[in-house]
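Trainee: Could you take me through reading a model of this kind, going from the overall fold to single residues?

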Amino acid sequence: MNDFNQLAVYFGYFGSYFPTDFFNKLLKNKKIKTGKDTFVPSDAYTFLQYLPRELTGWITVYHRMHIIWSTLFLIGCTMLGIVKVFVGYPID
């Protein structure tokens, strides 16, 4: 993992998206850049893909939970912004 993903582990739920995304990309065999001119070695892809589904299934579920939560959060913020601008009621 790159330095940012290693640091993001310590930021709780909001920071856990980045390492989860990293491992989700490993599972889906997408190319991941770890440095200026370096990429994740192919051994990491094969190791993670050969693990049983019982051990790696949570990665996809957790990644989808982050996407759903982020989408709902943005929809809520957009709706609050629309109400604030067009209706003019103070939101406390």
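Trainee: How many helices and how many strands does the protein have?

Mentor: One begins with the secondary structure, keeping in mind that this is a predicted model. The protein has five helices and zero strands, and read from the N terminus its elements run α-α-α-α-α.

Trainee: What radius of gyration does the protein have, and what would a compact globule of 92 residues have?

Mentor: The general idea is to set the value for the chain beside the value from a globule rule, which is 2.2 Å times the number of residues to the power 0.38. A compact globule of 92 residues would come out near 12 Å, but the protein has 18 Å. The C-alpha trace, taken along its principal axes, spans about 55 × 35 × 20 Å.

Trainee: What share of the residues is buried, and what share of the accessible surface belongs to carbon and sulfur atoms?

Mentor: For burial the cut-off matters, since a residue counts as buried under 20% relative accessible area and as exposed over 50%. By that criterion buried residues make up 23% of the 92 residues. The accessible surface comes to about 7200 Å², and 67% of that area belongs to carbon and sulfur atoms. As for charge, there are 9 positive and 6 negative side chains, with the centres of the two sets lying 8 Å apart.

Trainee: Which residues make up the largest nonpolar core?

Mentor: Here one looks for buried nonpolar residues that are joined through their side-chain atoms. The largest such core has eight residues in all, namely Phe22, Leu26, Leu27, Ile32, Val40, Tyr45, Leu48 and Ile59. The elements that give two or more residues to this core are helix H3 (17-27) and helix H4 (42-50), and H3 gives the most, with three residues. Leu48, a member of this core, is in contact with Phe23, Leu26, Leu27 and Thr56 when its neighbours within four places in sequence are left aside.

Trainee: Why does Thr20 count as buried, and which residues is Thr20 in contact with beyond its neighbours in sequence?

Mentor: Thr20, which lies in helix H3, counts as buried because its relative accessible area is 7%, and the cut-off for burial is under 20%. Apart from neighbours within four places in sequence, Thr20 is in contact with Ile59, Tyr62 and His63.

Trainee: Is Asn5 buried or exposed, and which residues is Asn5 in contact with?

Mentor: Asn5 lies in helix H1 (residues 3-8) and counts as buried because its relative accessibility is 8%. Leaving aside neighbours within four places in sequence, Asn5 is in contact with Phe18, Pro19 and Phe22; Pro19 and Phe22 are themselves among the buried residues of H3.

Trainee: Is Arg53 buried or exposed, and how far apart in space are Arg53 and His63?

Mentor: Arg53 is found in helix H5, and it counts as exposed because its relative accessibility is 57%. Arg53 and His63 are 10 residues apart in sequence, and from C-alpha to C-alpha they are 15 Å apart in space.

Technical notes:
Residues are numbered from 1 along each chain as its sequence is written. This is a predicted model: local features need pLDDT of at least 70, side-chain atom pairs count only at pLDDT 80 or more; totals for chains, interfaces and linings use all residues. Side-chain values use heavy atoms; hydrogens and water are left out. Helices (H or I, at least four residues) and strands (E, at least two) are DSSP runs, numbered from the N terminus. Buried means under 20% relative accessible area, exposed over 50%, partly exposed in between (1.4 Å probe, protein chains only). Accessible areas come from the Shrake-Rupley method with a 1.4 Å probe; for residues, only the protein chains shown count as cover. Lys and Arg count as positive and Asp and Glu as negative; His and the chain ends are not counted. The place of a charge is taken as NZ of Lys, CZ of Arg, CG of Asp or CD of Glu. A nonpolar core is a set of buried Ala, Val, Leu, Ile, Met, Phe, Trp, Tyr and Cys residues joined through side-chain atoms within 4.5 Å. Contact means heavy atoms within 4.5 Å.
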